[in-house]
Amino acid sequence: IAGGTTCTISGTGTFTAARLRKDNTLSNSSNTNVVVDMNINLTWSSASGTVMYNDAGASSNFDVTVNSGKTIKCYGPGAVACNVAIDGTNGGDSSPLGGTYTIHGTLDIDGAYYSLNNNSGASARTTSLIIKNGGTVKCRYIETGSSGAAGNTLRIENGGKLIISGSVDTISATLNDITWNGYSSTNNTWDFQSGSTIEYSGATQQKVNGIASCSNFTVSGGGLKKLGNDFTVAGILTLTSGRIQTDAYKLIHTSTSASDLTHSSGSSSFIFGTYRRYITSNTSSYEMPVGLSSTTSGYRRADLINNGLAGLSYIDASVRSVAESGNNVDSRITSTQEGTTLTDVIGNTVWSLVPNSSPSGGTYGVRLYVNGTGLTTADDNTFCAVKRNDGSTDYADWNTFFSTTSIPSNNSAGRIYNSGNGYAERLGYTSFSEHAIGKSPSNQPLPVGLTSFEVSCQEGAVLVKWSTATESNSAYFTIERSIDGTDWNVAGVLSAAGNSMETLAYEFNDRIESGIAYYRLIQVDVDGQETEFEPVSVICNSKEVELVTLPNPSGKEFTIMYSSLSGDEEVEIQISDAHGKSLLTKYVIVTEGVNLISIADFTGVSGTYFVKVTEADGSVKVVRHQIF
């Protein structure tokens, strides 16, 4: 029983009592301030089980401060849960005023915290719980009340933590799926300040409802946490133990810092449903710990490797399984990885990465983790990431895009099972869609081959250079040359290494070419199978004029910035695909100086194209290739 204006409880050891309250038998005309400066255990076996509250009349508040390093532990004997209220034993008494509990240390409640006041009192009868920096409040759930007077507040300041524990062994689990019971936006106000933390630590199922956002959010205890609405985490998301099931809602993580997700190793904690991850243009890797189900066997992690992506704000990540039927069957697969045909796409795990808008710049890569997919060590070096349009129902649409992307070398991370911790990695994507893992037969490791291919003008020659990370049954390379990107002739042949597990460099010197020239490389296996790589261009003995293409997000329209030295003449603009096939020819009158030429009638899909500008006298002043 506490009374008077100021009361300090201090000492060493732990003080045990039944209850701590402001009693109605004392003079209560003045507010009472209790400062707790020692550890206290409160236990009460009454049916109400409420061990700390204001039971005085309507004329004074009951304020309690728990000092740093001190703990008030509230626990009941047997199946009795000890609760904490401010206004009356359960917030429902009509007489008492409220008060403020300020926690610098720890308030550990094995029952409910009542964030409500009496039903008929004036607006002055308010309750307030303030968790300060370094303070912790732990409770089974929050009782908020849909009726009663307004003015009930819960404030968690920077460095403060609220832990909602759910059911425990000694308490009947009647409310283990309720965490904010009877929430009322009229009667309750939450202030979760930046740097504060809310943790759901239940070993049984808990429901995240009544609140829509917080700063830092932690999942622990192993139990399932189910969203009752869209839930936004602005700061650090920590997944220690337990799964989040979003159902029809989304877990929205607005922090763009990749390090603001902390995920325990293994499959004990992940998101079953939609994880909306905000990103920014950087070179970070964003982990997407998603799952196929709410059980630990459903864990399917993917990582997005950002390489300067621009024009988008977030990615909606999820994973699903595809039943192989109709056209969704392996026999429909036509995709290859540098000449090796894939024979299996693992349909039990298909990741969906959906951005809020198409990228306007940059690229990205993925790491698709093998855990739960059925792959084994025997599949090392035979699997890789594949991609197809969202909504596709045809395995023929799965594509490696190997000519514009890259995968790691054999026996390295991104190609191996690694005791179930491995992943399939691919870099260089420019658009988003579904991702999966494809593989070739176990006796046919996927060749990586080319890691670089470049051409440069030298003194009296053109130098063609390329390198390979690995080679498998590689017989020779053919170097082809073209002056128009359409008709190709053999410029030379070089022997290959056959089989190699190390990086090898090759060079070929061609005769000098005046003006524009295209070069492409063809790798020929010992069985005669050919792999053609994308061509590159070079200009020798020709004055270059600047050409810059500025694609818009649709990839259908772009602008050429062309500097003309003479002006008042017609130039030809030709767009060809990566194999030199002409797709569009446009004639434009240019003036002297910088011209911005809009190409609005190009209907190609995203990919690599050549843009060539030819002036009226037939001379090619510039050529570049650009990914639109």
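**Group meeting: a first look at an all-strand model**

Let's start with the secondary structure. The protein chain has zero helices and 53 strands. Helices (H or I, at least four residues) and strands (E, at least two) are DSSP runs, numbered from the N terminus.

This is a predicted model: local features need pLDDT of at least 70, side-chain atom pairs count only at pLDDT 80 or more, and totals for chains, interfaces and linings use all residues. Residues are numbered from 1 along each chain as its sequence is written, and side-chain values use heavy atoms, with hydrogens and water left out.

How confident is the predictor? pLDDT is its confidence in each residue, from 0 to 100. The mean for the protein chain is 84, and 84% of residues reach 70 or more. Over residues 169–175 the pLDDT is below 50. It also stays under 50 over residues 543–554. Where pLDDT is low, the predicted coordinates should not be read in detail.

Now the inside. The chain has 628 residues, and 54% of them count as buried. Buried means under 20% relative accessible area, exposed over 50%, partly exposed in between (1.4 Å probe, protein chains only).

The largest nonpolar core has 79 residues. Such a core is a set of buried Ala, Val, Leu, Ile, Met, Phe, Trp, Tyr and Cys residues joined through side-chain atoms within 4.5 Å. M52, Y101, L162, W180 and F217 have the most contacts inside it. Strand β3, residues 32–42, gives the largest share of this core, five residues. Apart from it lies another core, of 20 residues, including W466 and F508.

Take W180. A contact means heavy atoms within 4.5 Å. Not counting residues up to four places away in sequence, W180 touches, among others, L162, W190, F192 and Y200.

Next, charges. There are 18 salt bridges in the whole structure. A salt bridge is a side-chain nitrogen of Lys or Arg within 4 Å of a carboxyl oxygen of Asp or Glu.

Which residue pairs with R520? E480 does, with the closest N and O atoms 2.6 Å apart. R520 lies in strand β44 and E480 in strand β41, so the pair ties together parts 40 residues apart in sequence. Both R520 and E480 are buried.

R367 forms a salt bridge with D303, at 4.0 Å between the closest N and O atoms. R367 sits in strand β35 and D303 in strand β29, 64 residues apart. Both of these are buried too. R367 and D303 also belong to a network of salt bridges with E287, R301 and E425.

Terms used
pLDDT = per-residue confidence, 0-100.
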